[in-house]
Amino acid sequence: MLISQNILTALRGLMANKLRSALTILGIVIGVAAVVALMAIGNGATSSITSRIASNGSNMLNIQAGRSQRPVAGAPYTPAYLYYADYESLARTLTDIAGIAPAYQGRFTVTQGINSSSTSVTGVTEDYLKVNNYEIANGRAINANDRTKQNDVALIGATTATDLFPNTPDPVGMEIRINNINFTVIGVLKSKGSTGFTNQDDLVLIPLETGYSRLYCANASQNGQKVLNVIAVSASSADTVDSVSSQITFILRHQHHLKLADADDFRISNQAQLLSTLSGVTSTLTTFLGAIAALSLLVGGIGIMNITLVSVSERTREIGLRKAVGARKDHILFQFLVETMTLSITGGVIGILLGAGIAEVVTLLKLITAQVTFSSVMLSFSFAVAIGLFFGIYPAYRAANLEPMEALRSE
Amino acid sequence: MDNQSDAPHALIQVVDLTKIFYMGENEVHALDRVNFIVQKGEMLAIMGPSGSGKSTLMSIIGCLDVPTSGSYILDGLPVEKMNDTQLADVRSKKIGFVFQQFNLLARTSALENVLLPLSYTNKNRRAARDKAMQALELVGLKDRVKHHPNELSGGQQQRVAIARALVNDPAILIADEPTGALDSKTGEEIMGLFQSLHKDIGQTVIMVTHDSFIARHTDRILRLADGHIITDAVNLNPLKAGEARRSDAEM
């Protein structure tokens, strides 16, 4: 028997009972739509989180002073520091890096006329913007000349600019006072947006050497050496992050004269690690949501089986007749499987459209930028088809094994 | 039709045919050592009250069931040894069924109903269509091919069913109470159709009926009771459809 003829027969049978067919596929429709929509929303959430982290530079490593283990009780407490000399040594020795940016950060009151703001003032080098993914909106960056001459110049963040200069569209060239010292604004940074934890646009950047000599002074000096809060290192690519991290450990342990048994007195935090941890969590959540949605597909499959069993018993005489005119068992089996497959495929297609529609609505409502993925569509669709096949087999098998004579006599 | 010799051919050869059903502990002998032969081109009736075994005999002759013991040779084929698939194949090639309730597929045109048996064989579409049109013409429904069963009268529906039974050129046409759901006038017309198929194209026809009036339209009557053949007689004066009336015949 031709497949096309079988499909035609099945469609005709299903169209004859429109309401029943619609109710039968409802479970599959809801299941597939839920899988597609939830996966789309999950994927959208994942990529929005990862893109925010990636905006900080996903190849970035942050080095800070500090021990990760608690000191042994009774042992003398020796605070850990990160020195300017550590930066120099790292800058000289590290390979596979795209940039290295030391920074010393302090909190000061910054004023301009009657406006004032308590802001972090960070002493930086010329690599800082690149390593931390900042861009200049207006004006120029801090250069090596500013550092050697210890110029009183400042780059300000977008939020700081509006706080201090509410009425001045372009504050470049204007003066601000930090701790009663005049600084000239040489540039304004482009907005990076909030990470949800901190406002990355509320900051003032000054040349590191200017900061040491004029602002931080004694605070930034320990054991006769200049200290740093953080050294940000940007690896040349995602693949070299791990190797750069172990180079840093090696160099810093050597710099700090640590013995084999000593613990590290610095911490390296890895954006890529954070990224993979977070995206791992979100993708697990997405899979979990998808799996819950898939359960409703299972329920839908049982619905199909139920209706097909009813259909088999309603059509017992037809099956008997088909057998009497020469249909083999496999013909009957195939006929009913085609019907359940037609139901589940139709349900799958409607479900995909509905799911994509839900994702579209969620995106239009600006809740989250849902991303319908090809894999989620394929997955839920093939799952729907598999369910149609699986739950169709039993009723079809029952139909195929009816005794023709009894089937013909049934009412 | 694939005759194996030119001589009158034993189309059906039934030897010691026995069918036992098991109802719990009880054995029911629906058929008990039944023997008979049917030649090609015969028109006969199998008669008997309900419970006589005629339906069981019909389902075995029609290859819908196999006997418990004994042998059944149809057109040279030992049917009693066949499995389900082989039986379906024999039904498809050698048997045409006509039922009391017509058993047409609803929402399906007369032509498509007649095409149904061909959909289980490997005939190409065009040849199948031509064949089905021929069969419909043979039963006088050439102008009703597009009609659905609910647009046809009972007699017309039974004609579609007969066309469906004929479309595979069956060796035997088995009719199970074919007039049971029709009024007597239409029933006579249907009996006339069977008689002309028998006369004009030499179709072998087996009527299964409890109705002696219908049985007397055939040339030979087998009477069954309690699983045995009690008489197997030639009907010397078969009734001609349309000329006899039930009341006259029953005198």
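Predicted model: local features only at pLDDT ≥ 70, side-chain atom pairs only at ≥ 80, totals over all residues.
Residues are numbered from 1 along each chain, with chains lettered from A and ligands numbered from 1 in the order written. Local features need pLDDT of at least 70, side-chain atom pairs count only at pLDDT 80 or more, totals for chains, interfaces and linings use all residues, and side-chain values use heavy atoms, without hydrogens and water.

Reader: What makes B:Asp84 and A:Lys329 a salt bridge?
Author: A salt bridge requires a side-chain nitrogen of Lys or Arg within 4 Å of a carboxyl oxygen of Asp or Glu. The N to O distance here is 3.1 Å, so the pair qualifies. The rule finds 1 salt bridge across the interface of chain B and chain A.

Reader: Why is the pair A:Tyr81 and A:Tyr83 called tilted?
Author: Rings of Phe, Tyr and Trp (its six-membered ring) pair if their centres lie within 6.5 Å; planes under 30 degrees apart count as stacked, over 60 as edge-to-face and the rest as tilted. The centres are 6.3 Å apart and the planes stand at 50 degrees, so the pair is tilted.

Reader: Why is A:Tyr81 called partly exposed, and why is A:Tyr83 called buried?
Author: Buried means under 20% relative accessible area, exposed over 50%, and partly exposed in between (1.4 Å probe, protein chains only). A:Tyr81 has 22% and is therefore partly exposed, whereas A:Tyr83 has 13% and is therefore buried.

Reader: What makes the pair A:Tyr84 and A:Tyr212 edge-to-face?
Author: The planes of A:Tyr84 and A:Tyr212 lie at 85 degrees, with the centres 6.2 Å apart, so the pair is edge-to-face.
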